[in-house]
Amino acid sequence: ARSTDTKSVSMLDFLKVDMKGKLIVSVELPALAKADGYVMRRFKITKRYQNAHAYVNAAFMFRVDPVTFTVKERPSICFGGINPTFVHANATEAFLTDKSLTDSKIVQQALDVLEKELEPDHKLPDASPEYRRTLGRNLLYKVS
């Protein structure tokens, strides 16, 4: 029997969905306007540009005031390649909310929060945990 059960889930909830016997028919992502202050950056750090396993990949989405560069709402800071359960840098996201990215002390504190939050696993052939933690910090610095 064929089921026509249609379901929408958030991206985080999707990670928990058992896809056995299911088909993704569409993916809907909300449109974010640059005029509203949204800034998004994505990174894939790997040995080669294409077709290689990433050491670390990251995506950052900030909504900032274009004049003061204050983070207007909770940002989205996501990493892959840290450990199997790590997706969002929740503590860093919470710390940066309502903070100015032009304040070097705030940026340094955010980097410190992220360093404590990132707990890379040690699994070959992945790069060392120290290297991946440093990559995560460097990518956040590059965006802020």
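The largest share of the lining of the largest cavity, three residues, comes from helix α3. A cavity here is a set of points, on a 1 Å grid over the protein atoms alone, where a 1.4 Å probe fits but cannot get out. Lining residues are those with an atom within 4 Å of a point. About 30 Å³ of space lies in this largest cavity, a volume being the space filled by probe spheres set on grid points that are joined across faces, edges and corners. A search of the whole structure finds one cavity of 30 Å³ or more. By class, that makes six nonpolar, one polar and no charged residues, where Ala, Val, Leu, Ile, Met, Phe, Trp, Tyr, Cys and Pro count as nonpolar, Asp, Glu, Lys and Arg as charged, and the others, Gly among them, as polar.

A word on what you are looking at: this is a predicted model, in which local features need pLDDT of at least 70 and side-chain atom pairs count only at pLDDT 80 or more, while totals for chains, interfaces and linings use all residues. Residues are numbered from 1 along each chain as its sequence is written, and side-chain values use heavy atoms, with hydrogens and water left out.

Now step back to the whole chain. The protein chain has four helices and three strands, in the order α-β-β-β-α-α-α from the N terminus. Helices (H or I, at least four residues) and strands (E, at least two) are DSSP runs, numbered from the N terminus. Along the principal axes, the C-alpha atoms fill a box of roughly 60 × 40 × 25 Å.

Let's return to α3 and its partner. The axes of α3 (residues 104-117) and α4 (residues 129-143) come within 10 Å and cross at roughly 150 degrees; axes are lines fitted to C-alpha atoms, for helices over the stretch in contact, and angles run from 0 to 180 degrees between N-to-C directions. The two helices are therefore roughly antiparallel to each other, a label for angles over 145 degrees. On the α3 side, the contact (heavy atoms within 4.5 Å) is made by Val-107, Gln-108, Ala-110, Leu-111, Asp-112, Leu-114 and Glu-115. Helix α4 brings Arg-133, Gly-136, Arg-137, Leu-140 and Tyr-141. These contact residues divide into six nonpolar, two polar and four charged. In the loop between α3 and α4 you will find Pro-125, joined to Leu-124 by a cis peptide bond with omega of about 10 degrees.

Elsewhere, look for the second largest pocket, which holds about 560 Å³ of space. A pocket is an open set of points with protein on both sides within 12 Å along at least five of seven lines. Of its 15 lining residues, Met-11, Leu-29, Ser-76, Cys-78 and His-88 are the closest to its centre. Helix α1 (11-14), β2 (54-63) and β3 (76-80) each supply at least two residues of the lining, and β2 gives the most, with three. This lining has 12 nonpolar, three polar and no charged residues.

One last stop is the loop between β2 and β3, the place of Phe-69. Phi of Phe-69 is near 55 degrees, a positive value in a residue other than glycine.

How values were computed. Angles under 35 degrees count as roughly parallel, over 145 as roughly antiparallel, 65 to 115 as roughly perpendicular and the rest as oblique.
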